[in-house]
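Trainee: I've got a model open and I'd like to walk through it with you. Could you put it up on the screen?

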Amino acid sequence: MKLMPHWFGIGVPSILLLIQLLGSAGQCQPVSQPLAKATSAGNETRYKTFSEWRAACEALPRNRALKRGPPPKELLPLKAAEFGLGIERFLRSARDGELADTNAWVGTKPEKSHFLNIDNTYFTEGGIRFEPFTQRLSVPQGAEVFFHGDFHGDIHSLNAVLGSLETSGRVKDFKVVSTNFWMVFLGDYTDRGMYGVEVLHTILRLKQANPERVVLVRGNHEDISLAMNYGFMAEAQYKYGREFNPKKTLRVYDFMPLALYLVCGENAVQCNHGGMEPGYDPRVLLNSPPGVRYQFLRSVQRGQFLAESGELLKQLVPSERDLLKASFSDFIPESPTKPSVIGFMWNDFTLVHEEPQFAVDPGRAFVYGDRLTHYVLEKGSTPGRRLRAVFRAHQHSSLPNPMMRRLVVAKGLHRHWQDNDSVGLLNAGQPALQQKIETQELRSIPDGSVWTFNVSPDSVYGEGCGFAFDTFGILKTAEHFSEWRMTVNNIAIRF
Ligand SMILES: [Mn+2]
């Protein structure tokens with residue numbers, strides 16, 4: 001997850017990719033090129049059914065077997081035209097669907113010439129503004145909400161999850177069929193694994209088939225600067241060459257919310273890839289009328305947050321207070337990482353109570369402790385709607401560090417700051433942790449809790465940390481927050 005270059009070793013240096021990418025983006029080529037090509041053959045491109053898709057993907061070698069090399073081209077389950085069609089359809093439904101409904105926006109409305117202009121991007125010359133946004137979704141009491149962490153190009157795990165949801169009768173052929181079921185994906189769909197193309201195609205199909213039921217949150221890898229350096233661009237170029245349209249594909253990320261506020265009655269939970277972003281005040285969004293609502297994050301007001309947080313500053317030790325003051329000021333985001341990383345996409349959390357409340361992980365992001373996190377959740381709450389917990393992903397390593405050991409022992413979903421956990425246990429091995437941390441299938445959700453979902457196993461993370469199971473959670477809402485429950489589901493993945 002560090003911002004360090006890493007190649008797949010398939011002979012495409014990233015500088016060359018950069019030139020190709022900007023070259024093709026600058027030419028403003030017709031956006032529907034892959035679509036036209038697909039249909040002009042006289043043989044209309046048709047999406048595969050889920051069982052056809054799963055069977056086609058089954059032939060692909062696992063990432064672990066590829067050892068970071070590319071899969072054989074003859075086994076690829078998706079033609080360039082079919083991938084392009086998925087991208088184009090997603091962009092058109094973003095432009096013409098819910099996001100285009102000005103009534104669904106709190107505050108500033110989206111403009112046809114900027115946010116809704118799917119033919120331009122913020123990262124090309126003469127481009128449009130970078131306009132990240134947040135989303136609110138209301139669900140009823142007794143709703144079931146699915147959560148999944150990073151896939152990082154692991155198509156086998158994604159298909160196994162969808163197969164499991166078909167078996168339980170919640171999803172059929174990419175369509176959510178349970179009237180009580182919503183799905184939240186927590187970002188980092190591509191990079192690092194060789195099947196980012198297939199993962200992106202699959203989740204975009206899910207989103208398109210169920211626009212009101214599926215939320216694709218934006219991870220830190222849903223960003224051109226990471227896709228260039230961590231494998232996705234190289235993968236797509238290897239698979240499709242000149243038929244791959246990087247500008248269109250990367251534009252997809254701009255229609256993924258930075259954070260989802262899932263609301264049920266008087267309670268809400270924050271669902272995002274990374275961590276807290278105190279430069280965003282969610283209260284207007286939380287209090288907006290029921291249904292799906294969106295709000296732009298035009299200005300990240302961390303300086304404003306500090307100015308209003310005198311009480312918080314008094315509680316911090318001087319070094320943390322100084323670091324917070326030195327780190328926080330208001331800014332207009334120009335990209336996910338400029339002039340500062342957006343906390344929703346990038347930030348992390350400590351594991352135990354005794355760790356610092358605020359720290360900087362060099363080359364990455366900010367790390368929040370329990371009390372600072374509780375303060376931000378409290379500050380973002382309103383009298384009628386309380387922000388109770390955070391569900392997130394992101395904090396993974398290919399080495400068995402304290403976070404990864406907890407994630408493996410906790411069956412893929414770890415709650416930070418458990419009372420039985422302590423600084424003395426940070427480097428404890430799995431047998432010791434097994435006795436101390438929560439591992440049961442059904443879990444209650446304490447007020448102010450933060451939960452990290454594990455990354456899929458067919459990855460450097462699964463290999464390095466020795467796990468072979470995928471994880472998804474199903475949250476069940478209730479009238480009182482104390483009755484909300486999370487069920488942890490594991491699927492064994494064969495290698
Ligand atoms: Mn991440």
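Trainee: Which residue in strand 19 does E144 stand opposite?

Mentor: Quick ground rules: this is a predicted model, where local features need pLDDT of at least 70, side-chain atom pairs count only at pLDDT 80 or more, and totals for chains, interfaces and linings use all residues. Residues are numbered from 1 along each chain as its sequence is written, and side-chain values use heavy atoms, with hydrogens and water left out. Strands (E, at least two residues) and helices (H or I, at least four) are DSSP runs numbered from the N terminus, and two strands pair if DSSP finds at least two bridges between them. Strand 2 (residues 144-148) and strand 19 (residues 469-476) pair in the antiparallel sense over four bridges, and there E144 stands opposite K476.

Trainee: In the open sheet of six strands, which strands stand at the edges?

Mentor: The order is 6-5-2-19-20-17, with mixed pairing. Each edge strand has a single partner strand, so one side of each is left without a neighbour in the sheet. The edges are strand 6 (214-216) and strand 17 (442-444).

Trainee: What angle does the direction of helix 7 make with that of strand 6?

Mentor: Axes here are lines fitted to C-alpha atoms, for helices over the stretch in contact, and angles run from 0 to 180 degrees between N-to-C directions. Helix 7 packs on the sheet, touching strand 5 and strand 6, where contact means heavy atoms within 4.5 Å. The angle with strand 6 is about 140°.

Trainee: How many of the 14 residues of helix 7 are buried?

Mentor: Among the buried ones are V197, L200 and L204. Helix 7 is largely enclosed by the rest of the structure, because the buried count is twelve of the 14.

Trainee: Which protein residues are donors of the manganese ion?

Mentor: Donors are N, O and S atoms within 2.8 Å of the metal (3.2 Å for Na, K and Ca), and water is not among the atoms, so sites may look incomplete. In sequence the donor residues are spaced D-x31-N-x52-H-x120-H. They lie 2.1 to 2.3 Å from the ion, and they are D188 (OD), N220 (OD1), H273 (NE2) and H394 (ND1).

Trainee: How many residues apart are D188 and H273?

Mentor: Both D188 and H273 are buried. D188 is in the loop between strand 5 (181-185) and helix 7 (196-209), while H273 is in the loop between strand 8 (267-272) and helix 11 (283-286). The pair links distant parts of the chain, 85 residues apart.

Trainee: How far apart in space are A393 and G275, C-alpha to C-alpha?

Mentor: A393 is in the loop between strand 15 (386-392) and helix 17 (402-409), and A393 is buried, at 0% relative accessible area. Not counting residues up to four places away in sequence, A393 touches residues including D150, N272 and H273. A393 and G275 are 118 residues apart in sequence, but in space the distance is 8.8 Å.

Trainee: How many disulfides does the structure hold?

Mentor: A disulfide is a pair of cysteine sulfur atoms within 2.5 Å. C271 is in none, as the nearest cysteine sulfur, that of C264, is 12 Å away. C271 is also buried, at 0% relative accessibility. The number of disulfides is zero.

Notes
Buried < 20%, exposed > 50% of the residue type's maximum accessible area, 1.4 Å probe, protein only.
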